[in-house]
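Please look over the model below with the notes that follow it.

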Amino acid sequence: MKHILITAMLIIGISLPGFTQAEFGSVVALNSSEDELAVAADSRAFIGEGRYFDNRCKITTLGQQFIFSVTNYTGRGVFDAKSGKPLHLYWDSHTLAKREFARLSHGKHAPNNFMLQLATAWGKGVKREVEHDLIIDRSGTILGFDGQIVTSAIFAGFEHGILSIVTARITYEPLSGLKFSATIDRTLRTIVLGHDAIAQEFTANQTARAKGWNRDMRTGYSNAVDGVAFFTYQMVDLSIRYLPSSAGVGYPIDEIVLHRAGKLDWVKCKTQCRKE
């Protein structure tokens, strides 16, 4: 009903201070060790019609226990045309994650599988919202997809002291529609979601510039106070510097570290994002 009301107001010529669009873009990196994990993300969000803003909070803490971040198609709402700030959100991936975390935290859940259940509940909610978006604005919604990938997310933390990383993804096929999948990993690893072309080039280490990146990374890592956080930040920084401007990533970079003992440290963070 809200979608119909907004459309009707535009048709009869009543001006609104914003525009209705979906958010998409992003690069998010995660790196981990036995005792900590770090997540870093860029700040840019494309909001259709060539507009983008470098003020998005893409990292959310859940109960000071887990970290959530998401890329690609992440929500729909009415945004201020000048600042890009949301005036009204129809739905938002981070809000859904916090809502499902609060709901499941007060219910029964399988031991050691809380994050997988959380990611699954979140995925079902996002899938319903995207299905609705496809009904009301099919072409505009599909523009926010990265090929077949609608959205990719990570839920990460230490469950009973054990590192747990859940990667969740929604994909789209014109004939079969939307599909949700989630996998849990308890091994040390590095993950880059969203625009990962530079990360892939870095990992392959075949090009001249990739060899240079790897040399610089090894030097910086050995000199860093926290190598895990250093590596994570640099993966996002490399992506912003070397991806084309059309990729939809931009400074500043936010980064958070979660320690196995339960301590959360914001390494870098925009002021308005600490409450997220």
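**Aromatic rings and backbone**

1. Tyr 73, Trp 91, Phe 145 and Tyr 172 are linked into a cluster by ring pairs, where rings of Phe, Tyr and Trp (its six-membered ring) pair if their centres lie within 6.5 Å. The model is predicted, so local features need pLDDT of at least 70 and side-chain atom pairs pLDDT 80 or more, while totals for chains, interfaces and linings use all residues. Residues are numbered from 1 along each chain as its sequence is written, and side-chain values use heavy atoms, without hydrogens and water.

2. The count comes to 13 aromatic pairs. Among them, Tyr 73 and Phe 145 are edge-to-face (planes over 60 degrees apart; under 30 is stacked, the rest tilted), because their planes stand at 80° with the centres 5.6 Å apart. This pair links distant parts of the chain, 72 residues apart, and both Tyr 73 and Phe 145 are buried (under 20% relative accessible area; exposed is over 50%, partly exposed in between, with a 1.4 Å probe and protein chains only).

3. Trp 213 and Tyr 242 form a tilted pair, 4.9 Å centre to centre and with 45° between the planes. Trp 213 lies in helix H6 and Tyr 242 in helix H7, helices being DSSP runs of H or I with at least four residues, and strands runs of E with at least two, numbered from the N terminus. Trp 213 is buried at 7%, whereas Tyr 242 is partly exposed at 34%.

4. On the backbone, a cis peptide bond with omega about 0° joins Tyr 251 and Pro 252. His 160, although not a glycine, has a positive phi of about 55°, and this residue is exposed at 65% relative accessibility.
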